[in-house]
Structure formats: C-alpha cells, structure tokens
Amino acid sequence: MNEIVTIQNKLEQAFKLLESRFLEREELIRLLLLGLMSNENVLLIGPPGTAKSQLARAVSQLCGGGQWYDYLLTRFTTPDELFGPVSLQQLKQDQYVRKTSGYLPSADFAFLDEIFKANSAILNALLSILNERIFFNGREKENVPLVFLMAASNELPEENEQLTALYDRFLIRYEVGVLKQMSSYERMFQLPTEPLPALISTKDVQAVRLAAEQVTIPEPLIYMLYQLKTEMEAKEFALSDRRWRKIGHVWKTSAALNGRNNVNVWDTVYTSHMLWDFPEDLTVLQEMFQKRFQDALKQESERELPLSTYDQTAKRWLDMEDELHSFQFKKEVGARMSKDTQEQTKERLEDCRTELEETARQLRGKLVQWQQREKDLPGYIRNQNFLLMHTDQYAVKYTHLRIQGERILQTIQGLYRTLFDREIPGIQYDYTL
C-alpha cells in the first residue's frame, strides 16, 4: 500500500509538470498515464502542430527515458526503416534476421506518426508488437520491451480489413484540437523548456500492472458493461470482445492505482474514450455511458443510502392509503364494521404507523450523514479516484441522489400526516440545503 501511495504522489507531480507544458490537455494527460500503467496503446487523432509527438516524448522522459523510437510513416515506408535492416552476415547463412537494435522492436517508448499510412508489408509485424509485444524476427520470436506506445494520425483509416485490425489495437482514442482559450495563448510563449525529471520508473509501472491482476470487477459493474454493450449494439455501435476485455482491464488498473482490490464506479469515468470509432460519435456514446454511470452510481450508493428500499416501503403503504384512511374515517363517524375487519385493519394500521416511523427515522439519519458528506463532496470523490479532474461536476450526481431521498421522506411524512393527523415524532429535517 505504501508503494501505491508513493506512485500516486509521483503521478500527481507528473500531472502538474505535463499540464504546465501542454495547455488544455488535462484529461488527455491522465488518459496517457492511465494507458501507460494499463499497458494499452493510445491513439491521437488531430491536425499537425497540436503537440502529439511532444506529449509522447514527455511521457517517456518522465518514465526515465529508456530507449525512445519515433517515426513518421508513409505508404512508401519500408520494413527496414521500422524494424531494422536485414543482417547480411545472417543472410549468407540463409537466415533472414533483422538487426533490430535502435529500431521499434528494441524500444521502450515509441511514437508512430501517421500510423494508418503503413503498408501491408509493415502491418502484420505491427499487430503482434501492439497486442502481444512480440516481433517475429525470421524464425524467432523476440519479446519487445515496449512499455508504452502512442500513435497519431490526421485522419482515420479507410475501409481496409488490415487497417481495421490495426485500429482495434488502440483501446484509448482521443481527438486533439488546437488551443481555444485566450489564457492559453498568453501562456503559450512562456512555457517551460528544461528537460523533465525521471519521476516514474519501469519498476513502478510493473508494480501497478501486477497489482491490477489481483483486482476484481464486481458483478454489478460487469452487468453495467453488458448493458452498455447491448445498448450500443442496438444503435449499431460494435466493439470487439478484445476491446471490452481491455476496458475492464483499464478499470482494474485504475482501482490498483487507487489502492483498492475491487473496481468501483469511479474507475469507469474515462470509458467513453475507449468506445468510439469516429470522433463525431463521442457525444452520443458519452450520453449512453453517463446514463449507465448514473445507474451504477445509484446502485453503489444504495449501500449507504438504500433509496430503493425506502421507496418500496413508501409505495407499499401508499397503495393501501385509501383503505386505511377509509377505516380511520369510519371509526370517527361510528360506522358499522365487522369485528374481524376492525381487528385486521387496526393491526395493519399499527404496522403502518410503526414501519413509517422507523423508515422515516432511518432515512432522515442517512440524509443528514449525506449532507455532511456534501460539505466536501469534491474531496470525497477525489479520494475514490485521484485521476479524476473537475470533481465538482460529479458532486451534482450525489446531490441528485439526496434530492431523491428527500422526496421519499416527504412522501412518508405526508402519508403519515394523512393517516394519523400528526407529524412523525423526531423527524425534523431541513429541506432548504
């Protein structure tokens, strides 16, 4: 646990250093470092001059450098340029082996620009490097030491089966645009230029990856993922099984980074950037995901604020309101009723009174505790996942749950008042907060 806390502190420093150099890239920076820790490749889509290659190089510097490799691909790029020249010495012995030192198969960190320009001679070798971290060198399989690979493209691949397979190897996708804020242009001319310190070691990365293997995904969140998959497929958005599995792995890595053995709903917040094939679909997919996220948050919060239980109690007695109120009225006016009816309804009315009072007290107590949490909801949410930014926008989701609870409490109080002509004792609650 102490090791994870140390890594968290290092990542916090890394965020600040990168944000001071790459303006309006806060979310992307967190996704890059999450991709690094998850052993996932990241693809950036955007015009030239948006600091894509600089970001990749900066991440490698923060990780102690290692062997760096970057290359701009064109349709004329040959395998020799990317994977190394064929060894003439080996060729004389009828062995087709490449000298990979200094090329992609020997790199720790890599950036491939215009990756979809790669020709078919390069694609197959790239697929095994991206997915299995293996390079087929002649008859031998070489393990590639690649810690992190980032790629970029100005455009998405055309309809091509090989390019589609390559695209599928990039789980995290992000559309990068030009700077938009005036304050960014003011700062752009005064950005730091000194080399970045080596904050994160490969040992740190391996520690997180090992910890992620021990993390489990609770059944409700697996169901959330399945619901999202079903809804997406109904609207003709399809993801491969590999990508769904990798999404779960990123969730597990997030949980490991936060020192937990179980994924919680806050580990899922960046999922939208792992769902789209076309940037224009991001908004629709974000809406789908946010709906599932809100449902999962509500379900997870049920442990502390079991709204569904309280709501069921209120609805059960509301369904009997007319019957119970009629009994009260008949009793007041002295209407004739059979003895059995009187006894049964009287007993039911007593059960109602007891259960409404007990439910109202429990719900009020939970709501008061919830209000205390709301005094520092951004801090509470940040404790759930330190990778989150703008935590105040998520605080609204918790406030929405409290408001639902308050409505249930008002319903119970109103029903009690109708049936028993008085307030529930000891249930004063301030609805003005």
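1. The chain averages a pLDDT of 90, and 96% of the residues score at least 70. Among the elements of the chain, the highest mean pLDDT, 97, belongs to helix 11 (residues 241-257), whereas helix 14 (residues 321-333) has the lowest, at 70. Where pLDDT is low, the predicted coordinates should not be read in detail.

2. The sheet is open and consists of five strands in the order 2-3-6-1-7, with parallel pairing. Strand 2 and strand 7 stand at its edges with a single partner strand each, so one side of each of these two strands is left without a neighbour in the sheet. Direction ignored, neighbouring strands of this sheet are turned by 15° against each other on average.

3. Strand 3 (residues 109-113) deserves a paragraph of its own. Five bridges join this strand to strand 2 (residues 68-72), the two running parallel, and another pairing in the parallel sense, over five bridges, links strand 3 with strand 6 (residues 148-153). Phenylalanine 109 is the bridge partner of tryptophan 68, and phenylalanine 109 also stands opposite phenylalanine 148 in strand 6. Four of the five residues of strand 3 are buried, so the strand is largely enclosed by the rest of the structure. In a regular strand the side chains alternate between the two faces of the sheet.

4. Elsewhere in the sheet, strand 1 (residues 42-45) runs parallel to strand 7 and is joined to it by four bridges. Within this pairing, leucine 44 stands opposite tyrosine 174 in strand 7, and Tyr174 returns in the next point as one of the residues closest to the centre of the largest pocket.

5. The largest pocket holds about 840 Å³ of space. Its lining comprises 32 residues, and those closest to the centre are Glu24, Glu26, Glu27, Tyr174 and Met389. At least two lining residues are supplied by each of helix 2 (26-38), strand 7 (172-175), helix 8 (182-188), helix 12 (282-301) and helix 17 (391-420). By class, this lining has 13 nonpolar, 10 polar and nine charged residues.

6. The second largest pocket holds about 470 Å³ of space. Of the 23 residues that line this pocket, Arg21, Phe22, Ala51, Gln54 and Leu191 lie nearest its centre. Helix 3 (52-62) and helix 8 are the elements that give two or more residues to the lining, and the largest share, five residues, comes from helix 3. The lining of the second largest pocket divides into 12 nonpolar, seven polar and four charged residues.

7. Is glutamate 355 buried or partly exposed? With a relative accessibility of 25%, glutamate 355 counts as partly exposed, because buried would require a value under 20% and exposed one over 50%. Glutamate 355 and alanine 314 are 41 residues apart in sequence, while their C-alpha atoms are 9.4 Å apart in space.

Terms used
Residues numbered from 1 in each chain as written. Predicted model: local features only at pLDDT ≥ 70, side-chain atom pairs only at ≥ 80, totals over all residues. Heavy atoms only, no water. 1 Å grid on protein atoms, 1.4 Å probe; cavity = no way out; pocket = protein on both sides within 12 Å on 5 of 7 lines; lining within 4 Å. Points joined across faces, edges and corners; volume = space filled by probe spheres on them. Nonpolar A, V, L, I, M, F, W, Y, C, P; charged D, E, K, R; others polar. Buried < 20%, exposed > 50% of the residue type's maximum accessible area, 1.4 Å probe, protein only. Pairing = 2+ DSSP bridges. pLDDT = per-residue confidence, 0-100. Axes fitted to C-alpha atoms, helices over the stretch in contact; angles between N-to-C directions.
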